[in-house]
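Visitor: I would like to learn how to read the features of a model like this one. Please take them one at a time, with the general idea ahead of the case.

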Amino acid sequence: MSSTEFTAMSPDLQNALADELPVGHLDIEVLAKHIDSLGHANNAVYVKYFERARIAFYAQLGLALESPYPPRLGTVVVNLNVNFREECVAGDQLALVTRGLRRGNRSFVLEQRLSRKHGKLVADCIATGTQA
């Protein structure tokens, strides 16, 4: 299979991303180990936060990524577009919301919004994925 060919989504993923697209929530604290030499969270850390939230989102839908038992799910992010809006520093309390935007036969799109607990947007992301 070439890198541009996608397999059809399993019924489990199709059902999880049904017509009423779900929303997932994850709370995150910025730790000292996430801080770079400039004193704020590095851009790669934001990407890790988004990945953690996608894994939590799948778990909230009842889909396990690494379970040996069904329903298990393997997904691949094929496109990631991140907008960095504001810096984060150690101790910041953040809330990450993941919601399904749309799904096709072979791919799906998730929107993710990382905000401070009081609501100010820190970063947002559009992730296009397919089932592995």
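This is a predicted model: local features need pLDDT of at least 70, side-chain atom pairs count only at pLDDT 80 or more; totals for chains, interfaces and linings use all residues.

Visitor: Which elements does the protein chain have, and in what order do they run from the N terminus?

Guide: Helices (H or I, at least four residues) and strands (E, at least two) are DSSP runs, numbered from the N terminus. Here the protein chain has two helices and five strands. Their order from the N terminus is α-β-α-β-β-β-β.

Visitor: How many bridges join strand E1 to strand E3?

Guide: Two strands pair if DSSP finds at least two bridges between them. Strand E1 (residues 23-29) and strand E3 (residues 93-103) run antiparallel and are joined by seven bridges. E3 also pairs with strand E4 (residues 107-116), again in the antiparallel sense, over nine bridges. In that pairing, Arg102 stands opposite Val109 in E4.

Visitor: What share of the residues is buried?

Guide: Buried means under 20% relative accessible area, exposed over 50%, and partly exposed in between (1.4 Å probe, protein chains only). Of the 132 residues in the protein chain, 38% are buried. For the surface, accessible areas come from the Shrake-Rupley method with a 1.4 Å probe; for residues, only the protein chains shown count as cover. The protein chain exposes about 7,500 Å², and carbon and sulfur atoms supply 50% of that area.

Visitor: Which residues have the most contacts inside the largest nonpolar core?

Guide: A nonpolar core is a set of buried Ala, Val, Leu, Ile, Met, Phe, Trp, Tyr and Cys residues joined through side-chain atoms within 4.5 Å. The largest one has 19 residues, and those with the most contacts inside it are Tyr46, Tyr49, Phe50, Cys88, Leu94, Leu96 and Leu114. At least two residues of this core come from each of E1, helix H2 (43-60), E3 and strand E5 (121-131). H2 gives the largest share, six residues. Another core lies apart from it and has five residues, among them Tyr58, Leu63, Phe108 and Leu110.

Visitor: With which residues is Phe50 in contact, leaving aside its neighbours within four places in sequence?

Guide: Contact means heavy atoms within 4.5 Å. On that basis, and with those neighbours left aside, Phe50 touches Val82, Leu96, Gln112, Leu114, Ala123, Asp124 and Cys125. For the protein chain, residues 24 or more positions apart account for 67% of the contacts with a separation of 6 or more.

Visitor: How many disulfides does the structure hold?

Guide: A disulfide is a pair of cysteine sulfur atoms within 2.5 Å. The structure holds zero disulfides. Cys88 is buried at 0% relative accessible area, and Cys125 is buried at 1%.

Visitor: How many salt bridges does the structure hold?

Guide: A salt bridge is a side-chain nitrogen of Lys or Arg within 4 Å of a carboxyl oxygen of Asp or Glu. The structure holds seven. One of them joins the side chains of Lys117 and Asp27, at 3.0 Å from N to O. This pair links distant parts of the chain, with Lys117 in the loop between E4 and E5 and Asp27 in strand E1, 90 residues apart. Lys117 is partly exposed at 46% relative accessibility, whereas Asp27 is exposed at 52%.

Visitor: Where in the chain do Glu51 and Arg54 lie?

Guide: Glu51 and Arg54 are in helix H2, and because they are three residues apart there, about one helical turn separates them. Their side chains meet in a salt bridge of 2.5 Å, N to O. Glu51 is partly exposed at 35%, but Arg54 is buried at 4%.

Visitor: Which residues are linked in a network of salt bridges?

Guide: The network links Glu86, Asp92, Arg116 and Lys120. Within the structure, Arg116 and Glu86 form a salt bridge whose closest N and O atoms are 2.8 Å apart. Arg116 is in strand E4 and Glu86 in the loop between strand E2 (75-84) and E3, 30 residues apart. Arg116 is buried at 13% relative accessible area, and Glu86 is partly exposed at 24%.

How values were computed:
Residues are numbered from 1 along each chain as its sequence is written. Side-chain values use heavy atoms; hydrogens and water are left out.
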